[in-house]
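Subject: Structure for your review

Dear colleague,

Please find the structure for your review directly below. I would be grateful if you would read the notes that follow alongside it.

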Amino acid sequence: MAYQRISTEGVWGIDMEVRAIFELPVHIWVMRDALDATYPTGYDNLRFNVVMPDDRPPVGGAPPVPGIESRPEVGEQVVWVKEYGAFIPDSLRPATALHRVVVTDVEGPSYDHKSWFTPEHQLAAYINRWFNDVRTWTEVLTGQDLDPNHRVSDAESVGAGLTFIEPPHDGALGFTMTTPRVLPLRAQEWADILGLVRDGKEPPLEEVLSRDARAAFRRDAYRRAIIDAATALEIALGRHVCGHADQLPERQRGRISERTALGGYVSIAEDSGLPLAVPVDRLRWLNSLRNDAAHRGAAPGRSEAGAAVQMMIEFLGVYGRFPRTGGREPDGGELVTS
């Protein structure tokens, strides 16, 4: 397997390095100091650079890459970056939403048994998988909700599809508008994420489950929110208990096995007198709530699911693998990279 630089035969028979514009399926909030720069990244065995647009008003501009600005569809109406209404911490301003990037310097392997799978074909095949990994890391680190398949809108119709016959007016209909709280990525965090995706590294499972629990709660999928929240907490609690195994009584230490679940870890911690950041009775409540949802088909309400997700956020804030900031941020996205 050999690596080759992407090139393609133009209509005039001129070899030309392949460059591409990629429109993100969902915009990602970044600090403005992340713009107008080039970042190395990749997916699997493919390597490429992401070139960020500049910050010219009102919707950014194409980066100075040959052949990009001259394209007829790349005019002032094409949105590269755009700032929307949002609550953003002062320490993370100025920030904007990234809509498009340019992909350059693409290198990938060539395969004797499938010569058609050139690096440009690999880029086409992998770019959405690349974005999915990028957005997963971004959601874990910042709490941004970037699911392209099930978006949550900041403007929601009230009574959509409802037509009043009596009384003959639509005064009860309208819109519910919310202003999101956003934590944009710092330039170094953006660089770190693109490097992690290139190297095939994934966030810790409990952090992905935390992301999933928060996303499910926003979409009113309360059973899934509770199951994912409890599982994320179970992973962190199990690691915490096992990490203190040498401090546990011998009998409690002997209860730890590959089959130990949330309820077992709670019991071991309680019987061992192991201090926990969340009261044991609350952990037992979450375990019961998860078991009822997963095994008995119970339908939890919004308040129960919200309490479960918040407990998970607080627990991972103390025992998660990633450090958190000292202050609380929205949606548990207060991680910091080191």
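The notes below begin with the chain as a whole and then turn to individual sites.

This is a predicted model, in which local features need pLDDT of at least 70 and side-chain atom pairs count only at pLDDT 80 or more, while totals for chains, interfaces and linings use all residues. Residues are numbered from 1 along each chain as its sequence is written, and side-chain values use heavy atoms, with hydrogens and water left out.

The whole chain

The protein chain has eight helices and 10 strands; these are DSSP runs numbered from the N terminus, with helices being H or I of at least four residues and strands being E of at least two. Of the 338 residues in the protein chain, 44% are buried. Buried means under 20% relative accessible area, exposed means over 50%, and partly exposed lies in between (1.4 Å probe, protein chains only). A contact means heavy atoms within 4.5 Å. Among contacts in the protein chain between residues at least 6 apart in sequence, 66% join residues at least 24 apart.

T260 is situated in the loop between α5 (250–253) and α6 (262–272). With a relative accessible area of 14%, T260 is buried. A polar atom of its side chain lies 3.3 Å from the backbone oxygen of R255, and a polar atom of the T260 side chain lies 2.9 Å from the backbone nitrogen of S257. Not counting residues up to four places away in sequence, T260 touches R255, Y265 and I268.

Q252 belongs to helix α5. Q252 is buried as well, its relative accessible area being 9%. Setting aside neighbours within four places in sequence, Q252 contacts I268, D271 and S272.

The pairing of α6 and α7

Two packed helices are described by the angle between their axes and the distance between the axes. The axes of α6 and helix α7 (residues 280–295) come within 9 Å and cross at roughly 165 degrees. Here axes are lines fitted to C-alpha atoms, for helices over the stretch in contact, and angles run from 0 to 180 degrees between N-to-C directions. The two helices are therefore roughly antiparallel to each other, because angles over 145 degrees count as roughly antiparallel, with under 35 being roughly parallel, 65 to 115 roughly perpendicular and the rest oblique. On the side of α6, the contact is made by L262, G263, V266 and E270, and on the side of α7 by V280, L283, R284, N287 and R290. By class, this contact of α6 with α7 has four nonpolar, two polar and three charged residues.

G85 and T179

G85 is in the loop between β7 (81–82) and β8 (95–110), and T179 is in the loop between β10 (174–177) and α2 (187–198). At 56% relative accessibility, G85 counts as exposed, whereas T179 is partly exposed at 42%. Leaving aside neighbours within four places in sequence, G85 is in contact with T179 and P180, and T179 is in contact with G85, A86 and F87. G85 and P180 are 95 residues apart along the chain, and their C-alpha atoms are separated by 7.7 Å. T179 and Y84 are 95 residues apart in sequence and 9.4 Å apart in space, C-alpha to C-alpha.

With kind regards

Note on methods: Polar contact = N/O pair within 3.5 Å; in protein donor to acceptor, adjacent residues only side chain to side chain. Nonpolar A, V, L, I, M, F, W, Y, C, P; charged D, E, K, R; others polar.
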